[in-house]
Amino acid sequence: MPDVLPPVKPRRGVLGFLRRYPTIAIGGGLLLAMLCIAVFAPFLWTKDPTSLAPALRTREPGAQFWFGSDMLGRDVYSRVLYGARVSLLVGFSVAFLASVIGLTIGLFSGFIRLADSIVMRVMDGMMSIPPILLAIALMALTRGSVQNVILAITIAEIPRVTRLVRGVVLSLREQPYVDAAVASGTGTVMIMWRHILPNTLAPLTVQATYICAAAMITEAILSFIGAGTPPIIPSWGNIMAEGRALWQVKPYIVFFPAVFLSITVLAVNLLGDGLRDAIDPRLAKKL
């Protein structure tokens, strides 16, 4: 009998992938826009974000100051666009460093039983402290700078990556192909490199997106309370901290950096959700 309905052609290529996973398209597009803003900030009709103009302080948003000016006469628009560089740099750096260090520790901890009991007790002790409190304590021991902020947040996020990788390794090391590699005389390092590591990259990639979003929020909190980047470096947390005293009369000083921070975190989270759906076949909407 002839087919009543024409055969459905599967969508292939980049467009088909993006239509199947719209969250990746939306999150990736928003994140790409923020990256372009951070990279091309000097060419987007900005001014020097640190230049002072006391005679033009607390001006409302208008033609001269698109996002208004703060209490020192600095252009809020320029400071918000340049502040994207700090947040994105901190988020990507923390996600990369925490993923690499946590992956290394988790691999050896999950595959080598002797190291597991020692390493994981240290990780459990670090996880008992909230990340923001641990980051504040680490920043109290050093001076405020972007590098120290990245280091403090990275140390606070390493235990979570380690536990994730360890859990994946514990399930992978019991697989038959690992037993076959051990029986054939393959070394431990080679087994971890060829059989264990490739299977941990998918969940690690998804976890890295959430760490990136959490790192940007933590950096904003540290800067807001004065424990993060120094005031001379524009960041979204610094801008909101400087405008909180005038929140009731000049809310735009806090509003614009808060909106940019929310959009960036939302973009990273959407990208992570889309990658999770695309990587895990059990969450696929269409088989």
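User: What makes Leu107 and Val169 contacts of Ile196?

Analyst: In this predicted model, contact needs heavy atoms within 4.5 Å. Leaving aside neighbours within four places in sequence, Ile196 meets that with Leu107 and Val169, and also with Phe111, Leu172, Arg173, Val178 and Ile191. So these residues count as its contacts.

User: Why is the set with Val80, Val90, Leu107 and Ile196 called a nonpolar core?

Analyst: Buried means under 20% relative accessible area. The largest such core here has 63 residues, and Val80, Val90, Leu107 and Ile196 have the most contacts inside it. Helix 3 (76-111) and helix 8 (188-224) are among the helices that each supply at least two of its residues. The largest share, 15 residues, comes from helix 3.

User: How do you know which way helix 3 and helix 8 run relative to each other?

Analyst: Angles run from 0 to 180 degrees between N-to-C directions. This pair packs at about 145 degrees, with axes 7 Å apart, and the crossing is right-handed. The residues of their contact divide into 21 nonpolar, five polar and one charged.

User: How much of the chain is buried?

Analyst: Buried residues make up 42% of the 287.

Terms used
Residues are numbered from 1 along each chain as its sequence is written. This is a predicted model: local features need pLDDT of at least 70, side-chain atom pairs count only at pLDDT 80 or more; totals for chains, interfaces and linings use all residues. Side-chain values use heavy atoms; hydrogens and water are left out. A nonpolar core is a set of buried Ala, Val, Leu, Ile, Met, Phe, Trp, Tyr and Cys residues joined through side-chain atoms within 4.5 Å. Buried means under 20% relative accessible area, exposed over 50%, partly exposed in between (1.4 Å probe, protein chains only). Helices (H or I, at least four residues) and strands (E, at least two) are DSSP runs, numbered from the N terminus. A crossing is left-handed if the near helix is turned anticlockwise from the far one by less than a right angle, and right-handed if clockwise. Ala, Val, Leu, Ile, Met, Phe, Trp, Tyr, Cys and Pro count as nonpolar, Asp, Glu, Lys and Arg as charged, and the others, Gly among them, as polar.
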